[in-house]
Amino acid sequence: MNDAMNELYQDVVLEHKRAPRNFGHLAAPTHQAQGTNPSCGDRIAVELQLQGDKVQDIRFSGQGCAICMASTSMMTEAVKGQDIAAAQALQQHFRAVLTGEETPEDAPLGKLISLAGVRQYPSRIKCALLGWHALMHAIAQHGAAGGDGAVQAAAHDGATLQTTEAP
Ligand SMILES: [Zn+2]
C-alpha cells in the first residue's frame, strides 16, 4: 500500500472515530450482544432490531480505540437494511481479508475496504473484528439467524474475543 492510500484510509478511520454512525441505543432492540477485547480494552455493545431476515435497525455503544470504533461504525452502516445472510457474508469476507485468507481486491467489501490496511497490524485485527463479532453473537441469539451458520461465524473469533448476551 502506498503512502497516499494509507493516508486516505487513516482519514476514513479518524472520521468515523470522530463521528460514529448509528451510535447510541434502540428503543426496543430485538437482539443484542456485548463484546470486549481485553488486549486493547475495547468494550462495545450492539443492539439490533431484526424484522424477519432483515436488519431493520442497528445501534452500538461503548468505548474503544479508533480502529474498533471506526470499524464498528462502518459495520453498522454496511449491514443496516441488509438481510442477515448478506451481513454474515460480509463479516466472513471482512474477517478473511484481515487474516490474510482473502486479498482485498478480490473481496466484495465496499467501503469496508478502507480498513483492509489493518491486516498489516496483527495486534489490531481483534479491534477491527470486535463489532462484527458482537453483531454475529447478537444475530445468533434465539437462533434468529437460522441456526448454525451464525454461531460458527461468531465462534471463529471466540478464542480471544469475549461476547456475552445482554440481559
Ligand atoms: Zn482496540
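## How α3 and α4 pack

Helix α3 (residues 84–98) packs against α4 at an angle of about 155°, and their axes sit 11 Å apart. That angle is over 145°, so α3 counts as roughly antiparallel to α4. As for handedness, the crossing of α3 and α4 is left-handed. All of this is read from a predicted model, so keep that in mind as you look around.

Which residues do the meeting? On the α3 side they are Ile 84, Ala 87, Gln 91, Phe 94, Arg 95 and Leu 98. Facing them from α4 are Ile 125, Ala 128, Leu 129, Trp 132, Leu 135, Met 136 and Ile 139.

## A closer look at α4

Is α4 buried or exposed? Buried: 16 of its 16 residues fall in that class, so the helix is largely enclosed by the rest of the structure.

Helix α4 covers residues 125–140, and at 1.5 Å a residue those 16 residues should span 22 Å. The end C-alpha atoms are 22 Å apart, which agrees. There is a bend too, of about 30°, at Gly 131.

## Helix α2 and the glycine after it

Now for α2, residues 66–79. Among the buried ones are Met 69, Met 74 and Met 75, along with Cys 68 and Ile 67. The buried list also includes Ser 71, Thr 72, Ser 73 and Thr 76.

After α2 comes Gly 81, which has a positive phi, near 85°.

Most residues other than glycine have a negative phi. Asn 22 is not a glycine, yet its phi is positive, near 55°.

Where is Asn 22? Look in the loop between α1 (3–18) and β1 (31–37).

## The whole chain

Stepping back, the chain has five helices and four strands. Starting at the N terminus, the order is α-β-β-β-α-α-α-α-β.

How much of the chain is buried? Of its 167 residues, 45% are. As for contacts with a separation of 6 or more, 65% of them are between residues 24 or more positions apart.

Methods. Residues are numbered from 1 along each chain as its sequence is written. This is a predicted model: local features need pLDDT of at least 70, side-chain atom pairs count only at pLDDT 80 or more; totals for chains, interfaces and linings use all residues. Helices (H or I, at least four residues) and strands (E, at least two) are DSSP runs, numbered from the N terminus. The expected span of a helix is 1.5 Å times one less than its number of residues. The bend at a residue is the angle between axes fitted to the seven residues ending there and the seven starting there. A residue is buried if 20 or more other C-beta atoms lie within 10 Å of its own, exposed if 12 or fewer, and partly exposed in between; C-beta atoms are placed from the backbone. Axes are lines fitted to C-alpha atoms, for helices over the stretch in contact, and angles run from 0 to 180 degrees between N-to-C directions. Angles under 35 degrees count as roughly parallel, over 145 as roughly antiparallel, 65 to 115 as roughly perpendicular and the rest as oblique. A crossing is left-handed if the near helix is turned anticlockwise from the far one by less than a right angle, and right-handed if clockwise. Two residues are in contact if their C-beta atoms, placed from the backbone, lie within 7 Å.
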